[in-house]
Amino acid sequence: MRFQDKVAMVTGAGHGIGAAIAARLASEGAQVLVCDIDEARAREGAEKIGGQVCVIDVAQRGDVQRAVDDAVSRWSRLDILVCSAGVMDRESFLEASDAHWEKVSGINLRGTFLCGQIVARQMVAQGSGGRIVNVASNSGAFGGRGRAAYGASKAGVINLTQTMAIELAEHEILVNAVGPGPTLTRPEVQGELMASAQNRMPLKRYGTTEEIASVAAFLASDECSFTTGHVFYADGGFTIAGVMEG
Ligand SMILES: NC(=O)c1ccc[n+]([C@@H]2O[C@H](COP(=O)([O-])OP(=O)(O)OC[C@H]3O[C@@H](n4cnc5c(N)ncnc54)[C@H](O)[C@@H]3O)[C@@H](O)[C@H]2O)c1
C-alpha cells in the first residue's frame, strides 16, 4: 500500500498503459483522478478501479486546470501526476502534414508541459513535494520509420523531464519518465511491424501494460527518493540492443 493517503492524477487513464498505471496506484491505496479525452473510456476505467472521472484534452490549458481544481476540491491535495495521454500516429517524413505534426506534438509534448506545469504549481503551493512521471518512449531515443513527429515529441518529453527535475528539485518534486518499448495495447499491432520490433529486442516479445505500470509505480512512490530527471526504459532491452546475432 505505497500510495495510502496519496492523490494521483493520471492522464490517458481510460485505456492502455495509463489505465494500467491508474489501476496499480489505486490497488496500492491512491485516490485516482482518471483523466481522458474519451468519456466512455474514462468512465469504464474509473469504474474498474474506484476512481473519479475527469474528461479533458491535455493539449488545452483550461481543461488541465479544471482537472487539477477537480482533484483539489475532492481531496484537498495532489501528490502524483502521471502523464500517459498520447497519440502514436505515424506519417512518413516526406509526406507528413502540418496538421499531423501539430496534433502529435500538441498532445504528447505540449500536453505533458501543461499538465506538469499546472500540477507542479499546485504541489509547490502545498509545500510537501510530489512525484511526476512522464510516459516517454524508446522512439524518443532513436529514429523510426514514420515517427518524425512522434519520436521528436518523445525526445522532447525526455528533455522536458530533465529540466523539470532541475527546476522542481528545490520543492522536493521528483520528475522521471518511464520509456515503454513496444507494449500490447492494441490488437491491430501484429504481423510485420510486430516481428520487426521483436527481432530487435533481446527479450523478443512485446511488454504488457502491467510491466510498464510496475516501473511507473516505483517512480511515483516515496521509495523513489534519490532519482530525478531520468528515463527508465521498460522495453525488453530494445533501446540498448546492438548486434544481436553471431
Ligand atoms: N503502446 C506502446 O507500444 C507504447 C510504446 C511506447 C510509448 N507509449 C506511450 O504510452 C502512452 C500510452 O500509450 P497507449 O499505448 O496506452 O495508448 P492508448 O491509445 O491505449 O491510450 C491512450 C489514452 O490517451 C487518451 N488520449 C489521447 N489523446 C488525449 C488527449 N488529448 N487528452 C487526454 N487523453 C487523451 C486516449 O483516449 C486513450 O485512452 C502514450 O504516451 C504512448 O506514446 C506506448
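Visitor: Which residues does Ala8 touch, not counting residues up to four places away in sequence?
Guide: This is a predicted model in which local features need pLDDT of at least 70, side-chain atom pairs count only at pLDDT 80 or more, and totals for chains, interfaces and linings use all residues. Residues are numbered from 1 along each chain as its sequence is written. Two residues are in contact if their C-beta atoms, placed from the backbone, lie within 7 Å. Leaving out residues up to four places away in sequence, Ala8 touches Phe3, Leu25, Ala30, Val32, Asp79, Ile80, Val82 and Ala220.

Visitor: Which residues of the largest nonpolar core touch the most other members?
Guide: A residue is buried if 20 or more other C-beta atoms, placed from the backbone, lie within 10 Å of its own, exposed if 12 or fewer, and partly exposed in between. A nonpolar core joins buried Ala, Val, Leu, Ile, Met, Phe, Trp, Tyr and Cys residues through C-beta atoms within 7 Å. The largest such core has 71 residues, and the ones that touch the most other members are Ala8, Val10, Leu25 and Ala216.

Visitor: Which helix gives the largest share of this core?
Guide: Helices (H or I, at least four residues) and strands (E, at least two) are DSSP runs, numbered from the N terminus. The largest share is nine residues, and these come from a helix spanning residues 98-126, namely α4.

Visitor: Why is β1 called largely enclosed by the rest of the structure?
Guide: Val7, Met9 and Thr11 point one way from β1, while Ala8 and Val10 point the other way. β1 is largely enclosed because of its residues, five of the five are buried.

Visitor: How many bridges join β1 to β2, and how many join β1 to β4?
Guide: Strands pair if DSSP finds at least two bridges between them. β1 (residues 7-11) and β2 (residues 31-36) run parallel and are joined by five bridges, with Val10 opposite Val34. β1 and β4 also run parallel, and Met9 has Leu81 as its bridge partner in β4. The count is five for β1 to β2 and, for β1 to β4, four.

Visitor: Which hand does the crossover from β4 to β5 have?
Guide: A crossover is right-handed if, with the strands pointing away from the viewer, the path from the first strand over the helix to the second runs clockwise. The chain passes from β4 through α4 to β5, and this β-α-β crossover is right-handed.

Visitor: Which strands stand at the edges of the sheet?
Guide: Seven strands form an open sheet with parallel pairing, in the order β3-β2-β1-β4-β5-β6-β7. Two strands have a single partner strand each, so one side of each is left without a neighbour in the sheet. These edge strands are β3 (52-55) and β7 (231-234).

Visitor: What angle does α4 make with β4?
Guide: Axes are lines fitted to C-alpha atoms, for helices over the stretch in contact, and angles run from 0 to 180 degrees between N-to-C directions. α4 lies across β1, β4, β5 and β6, and the angle to β4 is about 180°.

Visitor: What angle does α5 make with β6?
Guide: β6 (residues 173-180) pairs with β5 in the parallel sense over six bridges. α5 (residues 148-168) packs on the sheet and touches β5, β6 and β7; the angle between its direction and that of β6 is about 165°.

Visitor: Which residues are closest to the ligand?
Guide: A residue is near a molecule or strand if its C-beta atom, placed from the backbone, lies within 6 Å of it. The ligand is surrounded by 28 residues, and the closest are Gly12, His15, Gly16, Gly86 and Ser137.

Visitor: Is Ser76 buried or exposed?
Guide: Ser76 lies in the loop between α3 (61-75) and β4. Its phi is near 70°, a positive value in a residue other than glycine. Ser76 has 9 other C-beta atoms within 10 Å, so Ser76 is exposed.

Visitor: How many C-beta neighbours inside 10 Å does Glu172 have?
Guide: Glu172 is in the loop between α5 and β6, and has a positive phi of about 60° although it is not a glycine. Glu172 counts as partly exposed because its C-beta neighbours inside 10 Å number 15.
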